[in-house]
Amino acid sequence: MSRGQAGQVLGSNLRALRERRGLSLSELARRSGIAKGTLSQLESGTGNPTIETVFSLSNALDVPVSDLLTERVDPGIVLVRSAGLDVLSSNAVDLRMLRRMDITSTVLEIYDQQVRPGQVQRSTGHPGFEHVVVVSGRLRVGPPEQPFELGPGDYLCFPANQPHNYEAVSGPVASVLLLQYPVDAPTPLAGWPCVDRNED
């Protein structure tokens, strides 16, 4: 999908989700903290959204990020070439959504995540849980007051509804990010852990 096509998908999804909830552009601007003019550009497919913008819209509309970024396609074999994916960028992180999967009561979104050194990606929180696997480099991630340092092959899961940071410790980091949402409860449920609920 080209950048232009990705912008059209975001615009179409954003407009549909906003209208489904009966929200005006002004009300969505108030809820998301994004200027009305910027929202109008995004809905027309001409905007250039950042990671922060997409997560703010996800929170304001109470939907998974993938509801904003992906077209629904027929199931079957899926091959995704990263070179054709749109990139969501911030000061420290580049994200490419590889796949969304709806599995019974859970939505999973898989991202290729690249973290650049010299900056810290700060999130105020959003629905769901984050699962991170480091492929290369060293990554400091998690709650600002008690982050974890991960190396190649290390895995971490944490509730994403609290503030959390991503920081490359020395040199760039390649990682896989999996976002997990309960389908009927976009905000993480109390007591819903990072382990399988059927697990002892």
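**Figure 1. Overview of the chain.** A residue is called buried when its relative accessible area is under 20%, exposed when over 50% and partly exposed in between, with a 1.4 Å probe and protein chains only; by this rule buried residues make up 44% of the 200 residues in the chain. The model is predicted, so that local features need pLDDT of at least 70 and side-chain atom pairs count only at pLDDT 80 or more, while totals for chains, interfaces and linings use all residues. Residues are numbered from 1 along each chain as its sequence is written, and side-chain values use heavy atoms, with hydrogens and water left out. The chain holds five helices and ten strands, where helices (H or I, at least four residues) and strands (E, at least two) are DSSP runs numbered from the N terminus. Of the contacts (heavy atoms within 4.5 Å) with a separation of 6 or more, 67% are between residues 24 or more positions apart. The accessible surface, from the Shrake-Rupley method with a 1.4 Å probe and with only the protein chains shown counting as cover for residues, comes to about 10400 Å², and carbon and sulfur atoms contribute 51% of this area.

**Figure 2. Packing of helix H2 against helix H4.** Helix H2 (residues 25-32) and helix H4 (residues 51-61) have axes 9 Å apart and pack at an angle of about 110 degrees, which makes H2 roughly perpendicular to H4. Axes here are lines fitted to C-alpha atoms, for helices over the stretch in contact, with angles running from 0 to 180 degrees between N-to-C directions; angles of 65 to 115 degrees count as roughly perpendicular, under 35 as roughly parallel, over 145 as roughly antiparallel and the rest as oblique. On the H2 side the meeting residues are Leu28, Arg31 and Ser32, and on the H4 side they are Ser56, Leu57, Ala60 and Leu61.

Figure 3. After H4 comes Asp62, which has a positive phi, near 60 degrees.

**Figure 4. Salt bridges around Glu149, and the pair of Asp102 and Arg100.** With a salt bridge taken as a side-chain nitrogen of Lys or Arg within 4 Å of a carboxyl oxygen of Asp or Glu, the count comes to eleven. The side chain of Glu149 meets that of Arg138 at 3.0 Å, N to O. Glu149 lies in strand E7 (residues 148-150) and Arg138 in the loop between E5 and strand E6 (139-142), so this pair ties together parts that are eleven residues apart in sequence. Glu149 also meets Arg140 at 3.5 Å, N to O, and a network of salt bridges links Arg138, Arg140, Glu149 and Glu167. Glu149 is partly exposed at 40% relative accessibility, as are Arg138 at 35% and Arg140 at 27%. In the bridge between Asp102 and Arg100, where the N to O distance is 2.9 Å, Asp102 is partly exposed with a relative accessible area of 44%, whereas Arg100 is buried with 13%.

**Figure 5. Leu139 within strand E6.** Leu139 is buried, with a relative accessible area of 0%. Setting aside neighbours within four places in sequence, Leu139 is in contact with Val115, Val132, Val134, Phe148, Glu149, Leu150, Tyr166, Glu167, Ala168, Val169 and Val173; Glu149 and Glu167 among them also take part in the salt-bridge network. The C-alpha atom of Leu139 is separated by 8.8 Å from that of Ser175, a residue 36 positions apart from Leu139 along the chain.

**Figure 6. A nonpolar patch on the surface.** Val133, Val135, Tyr155 and Val176 form this patch, and together they have about 330 Å² of accessible area. Patches are made of residues with over 30% relative accessible area and no salt bridge, like charges being joined within 9 Å and nonpolar side chains (Val, Leu, Ile, Met, Phe, Trp, Tyr) within 5 Å. Val133, located in strand E5 (residues 129-136), counts as partly exposed at 33% relative accessibility.
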